Amino acid sequence: MNKPALVVIDLQEDFLPSDGSLAVAGGRSIVEGIIDLLDVQKFPWAAVIATQDWHPHDHISFASQHSVEPYSQLEFTHPLGEKDETGSVKTLTQTVWPDHCVQNTFGSSIDAAFLTQFNQVDGKVPKAIVQKGYLKDREYYSCFKDTWKLHKTEMEDTLRKLEVTDVIFVGLAYDFCVMNSAVDCSQSGFTTYVIKSLCKSVFPENISQTDDTYRNGGVKILESIDDYSF
Ligand code: VGL
Ligand code: ZN
């Protein structure tokens, strides 16, 4: 038997138009469809999980910490100074962002209408909020671990404890946190899906490359929840 979990990625004010500091175009338009998925009479979820990007005010992924323009690319060094075969400290080139999802600010809050519905599944289906991005010295796109694969969140243990077999992802952003979370999820051995119509990208112009990354990562792209057999 399938035991499917719904994972809603980063449905937070800073990623939502019109006022979010890192607003993803069209982000607000997917909220209602995601709320509809919380109808646990209709959809027999084994668990529902929401994730929350949760940064300290001086997080390393903020352009403001480096005096450069948001959305530019910077080279980051390994947070523990680990070296490659040639003896140089490992590096990763990553995008830097406007300040966003600072802990305990309005921008970090999960959409209120979603949260109301999410809280109503209590007692019917196990639910959890998994935070990421709270270690200042490293970026996190995946809700499983940081981009250096050094620190694990409680995501995988939560899914395993609930004996989840399948994971269905929706949310923001399709080309960053949803994508990296889904690929890690598939690599951890879960049968993994993303519902494309319930996601939006930061860079929609790169959609075919983004879709390829999902497919190469073993994630099945569905247009709608109707394409999933419970
Ligand atoms: C995200 C950029 C920075 C996301 C989070 O949720 O996709 N993107 N932090
Ligand atoms: Zn972030």
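Predicted model: local features only at pLDDT ≥ 70, side-chain atom pairs only at ≥ 80, totals over all residues.
Local features need pLDDT of at least 70 and side-chain atom pairs count only at pLDDT 80 or more, while totals for chains, interfaces and linings use all residues. Residues are numbered from 1 along each chain as its sequence is written, and chains are lettered from A and ligands numbered from 1 in the order in which they are written.

View 1. Helices (H or I, at least four residues) and strands (E, at least two) are DSSP runs, numbered from the N terminus. Along the sequence the pattern reads β-α-β-β-β-α-β-α-β-α-β-α-β. The radius of gyration, taken over C-alpha atoms, is 17 Å, close to the 17 Å that the globule rule gives for 230 residues, so the chain is as compact as a globular protein of that length. That rule is 2.2 Å times the number of residues to the power 0.38. The C-alpha trace spans about 55 × 40 × 35 Å along its principal axes.

**View 2. Six strands form an open sheet with parallel pairing.** Their order is β5-β2-β1-β6-β7-β8; two strands pair if DSSP finds at least two bridges between them. At the edges stand β5 (127-132) and β8 (220-222), each with a single partner strand, so one side of each has no neighbour in the sheet. From one strand to the next the twist averages 25°, with axes as lines fitted to C-alpha atoms and angles running from 0 to 180 degrees between N-to-C directions.

**View 3. Strands β6 (residues 166-172) and β7 (residues 191-200) pair in the parallel sense.** Six bridges join β6 and β7. Cys199 in β7 is the bridge partner of Gly171.

**View 4. Helix α4 (residues 177-187) is mostly covered.** Nine of its 11 residues are buried, meaning that 20 or more other C-beta atoms, placed from the backbone, lie within 10 Å of the residue's own. Among them are Cys177, Met179, Asn180 and Asp184. The cover over the buried residues includes β1 (4-9), β6, β7 and α5 (207-216). Just after α4, Gly189 takes a positive phi of about 100°.

**View 5. Ligand 1 is surrounded by residues that include Asp10, Asp53 and Trp97.** A residue counts as near the ligand if its C-beta atom, placed from the backbone, lies within 6 Å of it. The shell divides into six nonpolar, no polar and two charged residues. Ala, Val, Leu, Ile, Met, Phe, Trp, Tyr, Cys and Pro count as nonpolar, Asp, Glu, Lys and Arg as charged, and the others, Gly among them, as polar.

Note on methods
Buried ≥ 20, exposed ≤ 12 C-beta atoms within 10 Å, placed from the backbone. Contact = placed C-beta atoms within 7 Å.
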